[in-house]
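Please take a look at the chain shown here. A student's questions about it come after.

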Amino acid sequence: MISIRKAQAEDLGTLMDIFEQGKRIMRENGNLRQWTGGYPQASTVLNDIANGNCYVCQGGQGEAVGTFAFIPGKEPTYTHIYQGKWLDDTRPYATLHRLTSTMDSHGVAAACLDWCYRQIPNLRADTHRDNHILQHILQKHGFHYCGIIYLANGDERLAYQKL
């Protein structure tokens, strides 16, 4: 059983280790271009924590097995979507970012997505074209592909929404 709690600053070291494991999972599955150049930086994670948007997924023994950012409100990079459209562009939504887990954990994504949807039943997420694992997980959990968005640095991402 996975539980979810808000992250605290003292969780930073553990969360950064989980991000490194997530990067290894990506690389082992052919996703060589996402989360490069030191991303996510500790400053990004600390900012998520300070804003109350960073969460820790805990396994049955209370150990940290995953993390994600859950951000209610408008996501600036979602203002323009290309080669498609959002399922609904009028109601308030929350965005899921930086979802990752340890290499040996199971059920983290399902627990995270279910928890997020219970908070705000209008969710958006995006991922790299090479992140086939997350694309599959999102679709398995009722997300629909909506089109392409571009990050502030110009990188392309595939955009998804669940209502």
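This is a predicted model: local features need pLDDT of at least 70, side-chain atom pairs count only at pLDDT 80 or more; totals for chains, interfaces and linings use all residues.

Reader: How many helices and strands does the chain have, and in which pattern?
Author: Helices (H or I, at least four residues) and strands (E, at least two) are DSSP runs, numbered from the N terminus. On that basis the chain has four helices and seven strands. Along the sequence, the pattern is β-α-α-β-β-β-α-β-α-β-β.

Reader: What is the radius of gyration of the chain, and what would a compact globule have?
Author: The radius is taken over C-alpha atoms, and the globule rule is 2.2 Å times the number of residues to the power 0.38. For 163 residues, a compact globule would be near 15 Å; the chain agrees, with 15 Å.

Reader: Is strand S4 buried or exposed?
Author: Buried means under 20% relative accessible area, exposed over 50%, and partly exposed in between (1.4 Å probe, protein chains only). In S4, residues 94–101, eight of eight residues fall in one class. That class is buried.

Reader: Which strands pair with S4, and in which sense?
Author: Two strands pair if DSSP finds at least two bridges between them. S3 (residues 64–72) is joined to S4 by six bridges and runs antiparallel to it, with Ala 69 bridged to His 97. Three bridges link S4 to S5 (residues 123–127), and Leu 96 has Ala 125 as its bridge partner. The sense of the pairing between S4 and S5 is parallel.

Reader: Which hand has the β-α-β unit made by S4, helix H3 and S5?
Author: A crossover is right-handed if, with the strands pointing away from the viewer, the path from the first strand over the helix to the second runs clockwise. The unit of S4, H3 (residues 108–119) and S5 is right-handed.

Reader: Why are the buried residues of helix H4 on the same side?
Author: In H4 (residues 132–140), the buried residues are Leu 134, Gln 135, Ile 137 and Leu 138. They lie on the same side of H4 because they cover an arc of only 165 degrees around the axis, where the arc is that of the directions from the helix axis to the C-beta atoms. On the other side, the exposed residues are His 132, His 136 and Lys 140.

Reader: What covers the buried residues of H4?
Author: Contact means heavy atoms within 4.5 Å. The cover includes S4, H3, S5 and strand S7 (156–162).

Reader: Which peptide bond is cis?
Author: Most peptide bonds are trans. Pro 40 is found in the loop between helix H1 (12–28) and helix H2 (42–50). With omega near -10 degrees, the cis bond runs from Tyr 39 to Pro 40.

Definitions and conventions. Residues are numbered from 1 along each chain as its sequence is written. Side-chain values use heavy atoms; hydrogens and water are left out.
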